[in-house]
Amino acid sequence: MTATSSTTMAAKNGEDGEVCSSLCKIAGKVVFITSKGYDGDLGGLAGADDKCNTLAMEAGLANAGNFMAWLSSAEGSPSSRMTKYEEPYLLLDGESIVAASWSELTDGSVDSAINVDETSALQPGKRAWTGTTASGAASSPTCKDWTSEIKEDGGLQGSSSSVDVEWSSKAAASCFTSGRRICVEQCYQARPMRASRSRPMRVLVMKKASATAWVTGAPGSGDGRPCLL
Ligand SMILES: [Ca+2]
């Protein structure tokens with residue numbers, strides 16, 4: 001069992017010549033759009049963060065429990081809440097870089113549309129609740145700070161097909177309708193990697209990439225916080 005795990009780990013790292021994605025050794029933070037949709041009552045920012053972490057854990061992601069929703073309310077925004085890393089923000093498809101750093105994430109365009117969910121499945125053409133501009137600042141409407149699910153209230157959404165400012169700020173929708181969320185990894189220390197042969201190789205690759213980040217990457221310019229174990 002131990003030997004098998006070691007072999008798998010070596011393969012993930014490309015050290016034995018097996019197929020390895022271009023991101024195997026890139027330090028970075030994971031960004032995903034949720035596989036599930038929710039109405040505008042997300043339970044505020046804390047409730048939205050919890051939903052990100054629940055999905056990350058169910059998908060077996062490294063550092064699950066340390067994701068934060070790209071969402072704004074009167075309580076805060078991505079700019080005020082999130083750590084501003086000077087390392088890439090990555091999709092879970094094993095090949096796409098959303099932005100090379102926080103400043104490039106929030107400059108009005110992304111290099112790859114955020115269209116991959118926590119299970120590595122493609123989710124194009126979806127809308128995600130944000131209440132946030134592409135710069136990470138609070139915008140409106142926000143489904144009454146993400147506590148409303150009635151038709152008469154609205155919430156700003158981004159599009160998983162957009163690479164311009166509309167990735168975060170596309171249009172408002174009724175809080176009665178369903179929207180995804182965008183979740184961003186937020187911590188800088190490694191959790192012990194858990195090797196699992198039942199997981200798809202792509203997820204294993206990203207776990208390795210993520211763990212490598214904690215070993216070789218700097219926390220960045222923000223006040224990076226330790227990962228919750
Ligand atoms: Ca950019």
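Visitor: In which helix is the place of Ala46?

Guide: Welcome! This is a predicted model, where local features need pLDDT of at least 70 and side-chain atom pairs count only at pLDDT 80 or more, while totals for chains, interfaces and linings use all residues. Residues are numbered from 1 along each chain as its sequence is written. Helices (H or I, at least four residues) and strands (E, at least two) are DSSP runs, numbered from the N terminus, and Ala46 falls in helix H2.

Visitor: What does Ala46 count as, with 13 C-beta neighbours inside 10 Å?

Guide: With C-beta atoms placed from the backbone, a residue is buried if 20 or more other C-beta atoms lie within 10 Å of its own, exposed if 12 or fewer, and partly exposed in between. Ala46 has 13 such neighbours, so the residue counts as partly exposed.

Visitor: Why do the buried residues of H2 lie on the same side of the helix?

Guide: The buried residues of H2 are Leu45, Ala48, Asp49, Cys52, Asn53, Leu55 and Ala56. An α-helix has 3.6 residues a turn, so residues three or four places apart point the same way. The arc is taken from the directions from the helix axis to the C-beta atoms. Those of H2 share a side because they cover an arc of only 160 degrees.

Visitor: Which helix do the buried residues of H2 pack against?

Guide: Contact here requires C-beta atoms, placed from the backbone, within 7 Å. The buried residues of H2 pack against strand S2 (67-69), strand S8 (182-185) and helix H5 (143-146).

Visitor: Which residues touch the most other members of the largest nonpolar core?

Guide: A nonpolar core is a set of buried Ala, Val, Leu, Ile, Met, Phe, Trp, Tyr and Cys residues joined through C-beta atoms within 7 Å. The largest one has 43 residues, and those touching the most other members are Val31 and Val98.

Visitor: And which helix gives the most to this core?

Guide: The helix in question spans residues 44-58 and contributes five residues. Its name is H2.

Visitor: What is the order of strands in the open sheet?

Guide: Strands pair if DSSP finds at least two bridges between them, and S6 (residues 154-159) pairs with S7 over four bridges in the antiparallel sense. Within that pairing, Gln157 stands opposite Ala171. The open sheet has three strands with antiparallel pairing, in the order S5-S6-S7.

Methods:
Contact = placed C-beta atoms within 7 Å.
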